[in-house]
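Have the structure open beside you as you read.

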Amino acid sequence: MTDPTTEIVEQCRVLYEDLSFTAVKQWKERTGGRAVGFMPVYAPRELIHAAGMLPVGIMGGGENLEIIKGDAYFQSYICHIPRSTIELGVTGRLDCLDGMLFPAICDVIRNLSGMWQMLFKDKLVRYLDFPQEFTAGIGGAFYRHELEGLLQQLSALSKVTVTPERLRQSIALYNENRRVIAKLYDTRAKTPEKVPTYELYLVMRASNVLPVEEHTALVERYLAAAAKRDRKPLDNARVVVTGAFCEQPPIALIRALEASGCYVVDDDWVLGARYLLGDVKLGDDPLTELANAYLGDTVETASRYEPRRKKGAFLIDSVKKYGAEGVVFCAPSFCDPALLERPMLVEALNKAGVPHTSFNYAENTSQYHVFKEQTGTFADSIKLWGAA
Amino acid sequence: MDAYVGIDLGSTTTKAVFLDEHEKLLGFGITNSRSDYDIACQIAREEAEINSRFAILRRELRSQVAGDGHEQLIAWLFQKYRLAQHSRQLEALAQACRKAVDLLPNAAHRPPTHAVLDQILTEMEREAVGLFTPGAVARSDFFRDVAASSFLHLAEKKAGDDAKLLDRLIGTYDKSILQVEAKSYTNAFADYIRFAADAVRRMPEFEAHGEAITRAVANTIAIEFRVLNTIGTGYGRQRLPFPKEQIRSEILCHGLGAHFMFPKTRTVLDIGGQDTKAIQVDENGIVTNFQMNDRCAAGCGRYLGYIADEMNVGLHELGPLAMKSRKQVKINSTCTVFAGAELRERLALGERREDMLAGLHRAIILRAMSLLARSGGVVSEFTFTGGVAKNQAATDALRKLIAENYGEMTINISPDSIFTGAIGAALFAKRDRKGDLIGVDLKALQKPVKPTAQEQR
Amino acid sequence: MLLQKKMIAGHFDRLANTAKTGEKAVYTFVPGNLNELIWAFDLLPVHPEINALQSAMRKQSGDYVLEAEKAGHSEDVCTYVKSDIGMMRKGNIGPTGQRLPEPSLLLLSYTGCFTFMKWFELLKQEYNCPVVMLHVPYQADGRITPEMRKYVVKQLKEVVIPKLEEISGKKYDEDKLRAMLASSARSEDDLVAVWDAAKQKPSPIDAYFGGVYYIGPIFTAFRGTKECESYYRTLRAEVEQRAKQGLGPVTPDGKVHQEKYRLVVEGPPNWTSFREFWEMFYAEGAVCVSSTYTRVGGLYEQGFRHDPEHPLESLADYCMGCYTNRNLPSRVDLIAKQIEDFQADGFVVNSIKSCNSFSAGQLLMMKEIEKRTGRAGGFIESDLVDPRYFSAANIKNRLESYFQMLEARS
């Protein structure tokens, strides 16, 4: 009997590996619409969608892109994702994008927005300055204005007038997408033997290039197919993986993590698709609703200031919610936010008595042996403690 | 004869070049760099002078010997000259070794060690004659390498199963070679060439040319080089005993040297042992922009040396092995620390060594491509220099990437590219000559070496 | 110089005595800081970046960085942060050998550097003290919009000032603030005159290595104070005098060297080998006639002045106007203009491992500036306070090559 998920995962794998963004080009040809790229962590994709364009998540070049030109732009102590992103850009692979959005993640991505302004003068380039002040009257007002400006630019690009109704429809579609993704994550945590993480990851990555409606349907199909699997759970260690919110780990690394005896029950990869934890309300002023959603119930991540709760509270909640037995920090080399966050999370985990281990990678890392040894030992030790 | 000298003190080799009043090359010299920079510098300079004299000798002989006969003749003269020089170093080595054995802490060890040492040294002397013949494949141009390989080979043979004796012999050699290396044995041109001339005149095939040889040799010896200015450059240039005005950055020297060798050069790439340089020059060879690798030596010649060690093959075998690759493997790490781990892991996974090596060469060239891009790109003509330019797998990867990224263009690689920096320095010496520098030279370095007993005979 | 030393010593004495005097310390960052506002509440500002660089100049930062790495910090991240954490763990002894008070408040003025946020989050965990965030929007399109200004002012009014009132127990006194801002503007006028003096040939100042001393008071705890005003009045008079006499800059050797190359420098200096680094320039006759690092706290030459008539608005503009809060095209414009205005022969980029805010994108900026000005850029790499990342031989080699290239090209 063939594995019921094979076909879907294969489709996602093809999308993942296609660094020419054929799916985007085809969509543009088919619909005559335009496409706008966005970098990781979070972007209000609803606005792009409402303006009749395809939002395209750009998460670097991954393990399969050879860097020929990108290294000329960055010193050796800067992380890998901007090199591969520049490589994609200057080799024309991103020509299919009519604009590019750079969320406020860190100094490197912020400066990358300026580089983009210099290199691609004929494209829409916009830096998304998210508020770090979270009251409606201050940060909310500022952010609503940011969103309004962005929407004007997008609308000018696509020549589509975005009515509140239109934007509400887009928000509704993304709400639905966030709900199926939440279900996908819950299902994995409940039955990790049926939803291998590398499959989940590929399904998530497909959200970067597929129209939201198609992606929602794809997740549903995947969940239905995975449910048909008849597999027994292994005695693996249940872990939450954190630190990889921007530059993504190579697939092989994810597979190595699983093969070493870990079930990943939560992670922060392709975070933008799950950044908002609840539905965005479909109120009278959708921009205000989007702003409120950003200010309110979201994930905690290193690039977002958290004024209220203690550092690491969100991570510990996730450990509890998903019944994890440990945490694997898996952060890109030279990633200031992730690596500076790490000691604080470690302290929080130590206080909570949650075991952890940590590892650095680059998106094009091609050695997994040490990593596998390390996570394998970690999984074994968790099992030993657990038994004791 | 007036001459201008350029010296390039590199991390592995030290090079010197002599240039005449018309900016024509007179000769090159090279030696291995060593802890005593002054000696390395002196020897390279003397080698360059010898090389210049041989060029003159060749011209003399060509005018005096009909047909192609002079080529064979000069080849023999050169080999016999090398033999004379080698013998003198061997003599010094023998003396040093004997002294070292006399100082062995355990007196009982001395006589048996002496006995074996004598056998080895006699054998080495005998072997030497065979080493210096035209067409013989030289294991190395440097005495240290030639002597070490003979000595170790013979010591192993003679010591047999006596591991302790072998240890003593090797210890003796290690101490002694340092003393030999601390002196110059090159500055006795007249002595060596007379020895060579005598030997060659006695050879039946050159009997007819006896007089021509004597005349040509005498004319060559009579030439005196008046060095009007010397400029030093290279990695270790700050340690040269020169006034500041006589030191130039290797970037400038490389640019000018490349322009001298290939006047249409606009972009120069140099991959040496310690660093990689991408240089743009104008139509006069003046540097307009440059970039060097960042502070780690990843992607430089040193990296290849490390990989060779890691794979347990010789440095010179890497290129040929990589040429046998059948598929391209992408190596992501040019960090010397990580590359080793990546290599071992992939070999363990069954990747072919040849394919891995091809990937490594490409990785090095990709780093160089980044530096080229940062310095302003690649403009025809493009000249590639440095030790890595001798490695065909590297040059092939470079040609391919240049063509893909900058279009087809002329790529110059000179077999003498190792002298690029020294040539540039010599050109600066000629062009920068200021009255007050005349006569400022390596006087302090010219410590004469006493002739050995064999030569006095 | 002596004046500055006295000012600093006085400030650290005051900090060391807080236990007795009951004065409270507010930790905050240098770029676009709110010095006048802090003083208006009679609170004492402390700048951890300055402590870190001072530790480096006293050769202590290496140990501090190692201490932080031992505590779990990555080798990859900002060494200002690590030096500060290390210093704290080793007893929080400040640059004058006196113990620094613990912060009563961390004023997280989030300007031009994302690492600031992580830094104070880390300190918050250590000190368990209140933090107030002032989010300063980035000039992504090279300008300050009214909404950006409104956002910052609102935060000042509704978040920062109430917090300062709470901590200090004092009411916000706008007149006191206005008086300080008026004083700041006078110092700023004088500083701009000092920078302008470098347009003369030879330049009477080194506007990078010397410049970091000139920005000391105005970018740290003194802007808005009488001492600061008198410092800049004196400095300006001295510099103008040197200019009149046709003298070159003062160097640590005291010698005035022939001005052979006029340079603009982008990027912060290295602090662990500051003097050795400077010598590599002045020994070759290279004079820095302008620099971007000296604009890191705030940028005055384009006309900005603290404005007593619009106190909070001008504080907001000051925050948003500092160098690293400007987008890359604006930074390129600024450097290209400095090269023209100061008739520089070239520019040098000191790329700092710790500081992505400065460094990410510098290679592209270089290309663009070269294209625009026709002057070649020199490129060197070092770090702020990590002595492991200062390779003197490597930097010297590059600088020499660069200077010789300038000479050969001229």
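A residue counts as buried under 20% relative accessible area, as exposed over 50%, and as partly exposed in between, using a 1.4 Å probe and protein chains only. This is a predicted model, in which local features need pLDDT of at least 70, side-chain atom pairs count only at pLDDT 80 or more, and totals for chains, interfaces and linings use all residues. Residues are numbered from 1 along each chain as its sequence is written, chains are lettered from A and ligands numbered from 1 in the order in which they are written, and side-chain values use heavy atoms, with hydrogens and water left out.

With that scale in hand, look at R309(A), which is partly exposed at a relative accessible area of 34%. R309(A) and D317(A) form a salt bridge, with 3.1 Å between the closest N and O atoms. The term stands for a side-chain nitrogen of Lys or Arg within 4 Å of a carboxyl oxygen of Asp or Glu. Side chains of opposite charge can pair when their charged atoms come close. Over all chains, the count by this rule is 81 salt bridges.

Which parts of chain A does the pair R144(A) and D285(A) tie together? R144(A) sits in helix α6 (residues 136–158) and D285(A) in the loop between β6 (262–266) and α11 (286–295), so their pairing ties together parts 141 residues apart in sequence. Helices here are DSSP runs of H or I with at least four residues, strands are runs of E with at least two, and both are numbered from the N terminus. The closest N and O atoms of R144(A) and D285(A) are 2.7 Å apart. R144(A) is partly exposed at 23%, and D285(A) is partly exposed at 27%.

Now move to chain C, where E36(C) and R223(C) meet in a salt bridge at 2.6 Å, N to O. E36(C) belongs to helix α3 (residues 35–40) and R223(C) to the loop between α11 (216–219) and α12 (226–244), 187 residues apart. Are these two residues buried or exposed? E36(C) is buried, with a relative accessible area of 0%, and R223(C) is likewise buried at 0%.

Stay in chain C for helix α14 (residues 311–321): ten of its eleven residues are buried, so this helix is largely enclosed by the rest of the structure. Among the buried ones are L312(C), L315(C), Y318(C) and M320(C). The buried residues of α14(C) pack against α3, β4 (131–135), α8 (146–168), α9 (174–197) and α11 of chain C, where contact means heavy atoms within 4.5 Å.

A cavity is a set of points on a 1 Å grid over the protein atoms alone where a 1.4 Å probe fits but cannot get out, and its lining residues have an atom within 4 Å of a point. A search of the whole structure finds 14 cavities of 30 Å³ or more.

Key:
1 Å grid on protein atoms, 1.4 Å probe; cavity = no way out; pocket = protein on both sides within 12 Å on 5 of 7 lines; lining within 4 Å. Points joined across faces, edges and corners; volume = space filled by probe spheres on them.
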